[in-house]
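I am opening a notebook on a structure that is new to me, and I will write down each thing as I look it up. The sequence and the model go in first.

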Amino acid sequence: MDHLTPLRERVRSRKRAAAFSIVLGVVLLGAKTAAWAWTGSAAILSDALESIINVVAASLAYYTIVQGSKPPDEEHPYGHGKAEDFSAGVEGALIVLAAAAILWHAVP
C-alpha cells in the first residue's frame with residue numbers, strides 16, 4: 001500500500017457522494033417539476049427551481065473534485081484543491097439567480 005492510497009480513497013468517496021447527489025437531484029427535480037405542472041403552485045415551482053440549483057451545484061462539485069485531485073503542475077505549483085472553493089462561490093451565485101427567478105414569477 002503506497003502513501004497515496006488514503007488520498008485516492010478519499011477522492012473516490014467524494015466522487016461517489018457527488019455522483020449520488022447528482023442522481024438524487026435529477027430524480028427530485030423531475031418529481032417537483034411534475035408536481036408544479038400538475039398544481040401550478042408558485043411554492044412548488046420555487047422548490048423545483050431550487051432543485052435545479054442542487055443538480056448544477058452537485059455536477060460542479062463532481063467536476064471540481066476531479067480537478068482538485070490532480071497533482072501540482074507548473075501552472076498550479078500548490079495543486080488544484082482551490083477548485084472546490086470556486087464551486088462553492090458559483091453555488092452561491094446560482095442561489096441568488098434562483099431567488100430572482102422566484103421573485104419574478106411570484107410578484108405578478
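Predicted model: local features only at pLDDT ≥ 70, side-chain atom pairs only at ≥ 80, totals over all residues.

**Entry 1, starting at one residue.** I began with D85, which is partly exposed at a relative accessible area of 47%, where buried means under 20%, exposed over 50% and partly exposed in between, with a 1.4 Å probe and protein chains only. I found D85 in helix α3, helices being DSSP runs of H or I with at least four residues, and strands runs of E with at least two, numbered from the N terminus. I then looked across to T64, 21 residues away along the chain, and the C-alpha atoms of D85 and T64 are separated by 8.7 Å.

I looked up the pLDDT, the predictor's confidence in each residue from 0 to 100, and the protein averages 85, with 92% of the residues scoring at least 70.

**Entry 3, the overall build.** I counted the secondary structure as three helices and zero strands, which read along the sequence as α-α-α. I compared the radius of gyration with that of a compact globule of 108 residues, which would be near 13 Å, and the protein has 18 Å; the radius is taken over C-alpha atoms, and the globule rule is 2.2 Å times the number of residues to the power 0.38. The C-alpha atoms fill a box of roughly 60 × 25 × 15 Å along the principal axes. I read that buried residues make up 21% of the 108 residues. The accessible surface comes to about 7600 Å², of which 68% belongs to carbon and sulfur atoms, with areas from the Shrake-Rupley method and a 1.4 Å probe, and for residues only the protein chains shown counting as cover.

I took contact to mean heavy atoms within 4.5 Å, and among contacts between residues at least 6 apart in sequence, 54% join residues at least 24 apart. Which residues does S87 touch, leaving aside its neighbours within four places in sequence? I found L60, A61 and T64. S87 is placed in helix α3 and counts as buried because its relative accessibility is 11%. E91 is also placed in helix α3, but E91 counts as partly exposed at 30% relative accessibility. Not counting residues up to four places away in sequence, E91 touches I53 and A57, and the C-alpha atoms of E91 and A61, 30 residues apart along the chain, are separated by 9.3 Å.

I used the rule of a side-chain nitrogen of Lys or Arg within 4 Å of a carboxyl oxygen of Asp or Glu, and the count comes to two salt bridges. Side chains of opposite charge can pair when their charged atoms come close. I saw D47 form a salt bridge with K32, the closest N and O atoms being 3.3 Å apart. This pair links distant parts of the chain, with D47 in helix α2 and K32 in helix α1, 15 residues apart. K32 counts as buried at 18% relative accessibility, whereas D47 counts as partly exposed at 34%. I also saw the side chains of R12 and E9 meet in a salt bridge of 2.4 Å, N to O. R12 and E9 both lie in helix α1, three residues apart, about one turn of the helix.

I looked up S51, placed in helix α2 (residues 42-68), and S51 is buried because its relative accessible area is 3%. Not counting residues up to four places away in sequence, S51 touches L29 and K32.

Conventions:
Residues numbered from 1 in each chain as written. Heavy atoms only, no water.
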